[in-house]
Amino acid sequence: MKGVVTSNIGSYEERLKGFDWSIAETELGYKKGDDINIGWYCSDRICRMGSGAKTALIWEGMSGEKRYTFDELRRAANAVAAYLKGLGIRPEDRVCLFLDRIPELYFGFLGVLKTGAIAQPLFSAFGEEALRVRMENAGTRAVITQRKHAAKVRKIIDKLPQLEFIILVDHDGKKPLLARETAFSLEGCAPVEHFECHSTKAESPSVLHYTSGTTGQPKGVKHVHYSLIAQYLTAKWVLDLKEDDIYWCTADPGWVTGTSYGIIGPWSQGITQCVLDVGFSAEAWYKFIEKNKVTLWYSAPTAIRSLMKAGDAALKKHDLSSLRHLASVGEPLNSEAVLWSEKVFGLPFHDTFWQTETGCILIANVPGMRIKPGSMGKPFPGITAAVVDPKTHEPIQDAGKVGLIAIRPGWPAMMRTYWNNEKAYQGKFKNGWYLTGDRARIDKDGYFWFVGRDDDVINTAGHLVSPFEVESALLEHPAVGESAVVAKPDEVNMEVVKAFVCLKPGFTASFDLDLEIMNFVRKKLSPLAMPQQIEFVDSLPKTRSGKIMRRLLRAKEWGEEIGDTSTLEEEE
Ligand code: WT7
C-alpha cells in the first residue's frame with residue numbers, strides 16, 4: 001500500500017496533548033484583536049509570502065481550461081471587491097453568488113469577503129422558489145450571476161424588494177440590461193492592483209450558507225471570519241495539504257464543503273487546486289486526475305459509489321499514480337467503498353464528518369490513523385465529541401450504545417447563529433452540548449460509527465433536502481391536495497426523494513401527471529429535491545392531532561419494523 005511518509009499531523013495522540021487552536025493563529029501570523037479577513041488571507045497574504053506566481057486555480061469547463069496564479073486571483077478578487085464597493089455595497093450586506101463553478105464564483109467569493117459583505121453562495125441548479133426563500137430570508141442586496149440563471153432571478157424580483165443589484169458576469173452587450181441589472185466582466189475590467197480590505201475582525205460575519213431542516217424553511221447558517229483558523233488547520237492536518245500538492249475538492253461552493261475546503265482551506269495555505277465544471281462521468285474524472293496529476297482528492301460517497309459502478313475498466317485506462325491521499329464527506333462511507341479504493345488506488349478513502357453548521361471537519365480518519373472501514377474516525381484535536389442519551393443529554397459511557405452526536409461548543413468555525421432565527425439556533429444546544437441531529441455509537445477504541453439522522457431530513461447524494469420544502473412545493477401544484485415526502489433507499493445516492501400524494505377531487509393519477517408533478521418540483525426547487533417516485537394514495541397516515549406520520553411511511557420504504565403505531569398516533 002502506498003502511503004504518506006510524513007503527514008502534517010504526525011502523531012494523532014501527540015497532537016491531542018495540550019492542543020490549542022493558537023497553533024493555527026501563530027502559523028497564520030494572526031494575533032487576537034487583529035483584523036482577520038478570509039479574502040486577504042487567501043490571496044494577498046500568499047502573494048506577500050512570495051507565492052504570487054504559483055498556480056492557484058486550474059479550471060476546466062465546457063469551454064476549455066484556464067489557469068490563474070495567486071497574483072491573478074488576488075487582482076481578480078480585488079476587481080470584484082472594487083466593483084461592489086463602487087455600487088455602494090456595504091459591510092455586512094448579503095451578496096449572493098448564484099453561479100456555476102466558473103472562475104468568477106471563486107474570485108467573487110473572496111471579493112465579497114474583502115469588502116466586508118457577507119457571501120451567500122447558492123447552488124446554481126436551484127429553481128426560482130428555492131432561490132426566493134433563501135434570498136428573502138437573507139434580505140440579499142445583490143446577486144452575482146450568469147445570463148443563463150438570471151431568468152430565474154427575474155421571475156422573483158417583485159417579491160424581493162431588497163434585491164437592488166443583479167450583477168451579470170457574462171453580459172454580451174447585445175441585449176439591453178433589464179431592471180436592476182448591471183454588468184461586470186472579469187476579463188473586461190481594469191486590473192485592480194490594490195484594494196484595501198475592510199477591517200473585519202474575528203467575529204465579523206463572513207459566509208451565509210443555507211441548510212435544510214425537517215420543519216420550516218431552510219435556515220441561514222452564519223459564519224464569521226475567525227472560522228479561517230479551524231478551516232486552515234483541519235485542511236492542513238486532515239487533508240494533509242502540502243506545498244507541492246495538486247488538490248481537487250469535487251464539491252460545489254453552493255454547499256459548505258465547496259467553500260470551507262474548496263476555497264478557504266487550500267488557498268489560505270497557498271495550495272494549487274483544481275475545479276472541474278462539467279457533469280459527472282467516471283471517464284471525465286479519471287482523465288482530470290491523470291491530466292492534472294492530482295495528489296489530494298476530497299470527494300463524496302455518492303461519487304465514489306458511481307465510480308465503483310462504472311467498473312474498473314474505465315479506471316485502468318488512466319495513470320492515477322499521482323494520487324497520494326483520499327478523503328470523503330457528506331454521507332456514510334460504506335466499508336465496501338473503502339476496501340474498493342484500497343484495491344484500485346492502493347489508498348483508502350478517509351471518511352470525515354461535519355456539517356454546514358460546524359464550518360469545519362469535526363470527526364475524521366486522519367492520515368496515519370488505523371482505518372476501521374465504515375467508521376468516521378475520531379474527533380479532531382480540540383474537538384470534544386460524545387454520543388449523548390437522547391433524553392438526559394448525558395454522555396453515554398457504554399461502548400457501542402447508540403446516542404446523539406454532541407459536540408462541546410467553542411471551536412473557531414462553529415456557526416454563530418441561524419440568520420434571523422436565534423430561537424432555532426438556541427434549540428440546537430442541550431446540557432451544554434451542541435447537538436448535530438445525527439445518531440452514532442462509539443466503539444471501545446474511541447472510533448465513531450454513524451447510525452443515521454435523528455430527523456426526517458433526506459440526504460440525497462450528500463445533499464440535505466427538507467421534506468417540508470418539497471411538500472410545500474408540491475402543494476402549489478393544482479392537482480395536489482396533500483402530500484408527504486420521505487427518503488427512499490437508493491443504491492448510488494444512498495437516499496432519494498419519494499412523495500406520497502393525495503390528489504384533489506377531479507384529478508386522476510396518470511403517468512403524465514406523475515411526470516408533470518416531478519418536473520414542477522424540479523423547476524421550483526432543484527433536480528436534487530425532485531421526487532424520483534410519486535405514489536398516489538387516497539389518504540395519508542396521521543397522528544391524532546392531524547400531523548402526517550412520515551416516519552411510518554419512511555419505515556415502509558426501508559422495510560423496517562415500526563411496531564405499535566398507537567404511540568405514533570399520539571405524537572403531537
Ligand atoms: C449532514 C450534514 C459538511 C459536509 C457536507 C454536508 C451527514 C456528513 C457524514 C459522514 C455520515 C455524514 C450528516 C450531517 N454527514 N458527513 N462522514 N458520514 N453522514 O453538510 O449539508 O450540512 O450535512 O450530512 O447527517 O449531519 P450538510
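With which residue does arginine 75 form a salt bridge? Select arginine 75 together with glutamate 193: the two form a salt bridge, and their closest N and O atoms are 3.8 Å apart. A salt bridge here is a side-chain nitrogen of Lys or Arg within 4 Å of a carboxyl oxygen of Asp or Glu. This pair links distant parts of the chain, 118 residues apart: arginine 75 belongs to helix H5 (residues 70–87), and glutamate 193 to the loop between strand S7 (181–183) and strand S8 (205–211). Helices (H or I, at least four residues) and strands (E, at least two) are DSSP runs numbered from the N terminus. A search of the whole structure finds 43 salt bridges.

This is a predicted model, in which local features need pLDDT of at least 70 and side-chain atom pairs count only at pLDDT 80 or more, while totals for chains, interfaces and linings use all residues. Residues are numbered from 1 along each chain as its sequence is written, and side-chain values use heavy atoms, with hydrogens and water left out.

Next, colour domain 1 (36–49 + 69–225) and domain 2 (458–558) separately; these bounds come from an automatic or database domain assignment. The centres of domain 1 and domain 2, taken over C-alpha atoms, are 33 Å apart. Their contact (heavy atoms within 4.5 Å) takes 16 residues from domain 1 and 14 residues from domain 2.

How much area is buried between domain 1 and domain 2? The figure is about 1,100 Å², of which carbon and sulfur atoms give 53%; buried area is the accessible area (1.4 Å probe) that two parts lose on being put together, summed over both. Select Glu129, Ser212 and Thr214 in domain 1, which lose the most area to domain 2, together 37% of what that side buries.

Now display the side chains of glutamate 469 and arginine 134, which meet in a salt bridge (2.8 Å, N to O). The count between domain 1 and domain 2 is one salt bridge. Helix H7 (residues 128–138) gives the largest share of the side of domain 1 that touches domain 2, four residues.

Finally, move to the ligand, which 18 residues surround (a heavy atom within 4 Å); the closest are Asp351, Thr352, Gln355, Thr356 and Asp438. At glutamate 331, a polar backbone atom is 3.2 Å from a nitrogen atom of the ligand.

Key
A polar contact is a pair of N or O atoms within 3.5 Å; within protein, one must be able to donate a hydrogen and the other to accept it, and residues adjacent in sequence count only if both atoms are side-chain atoms.
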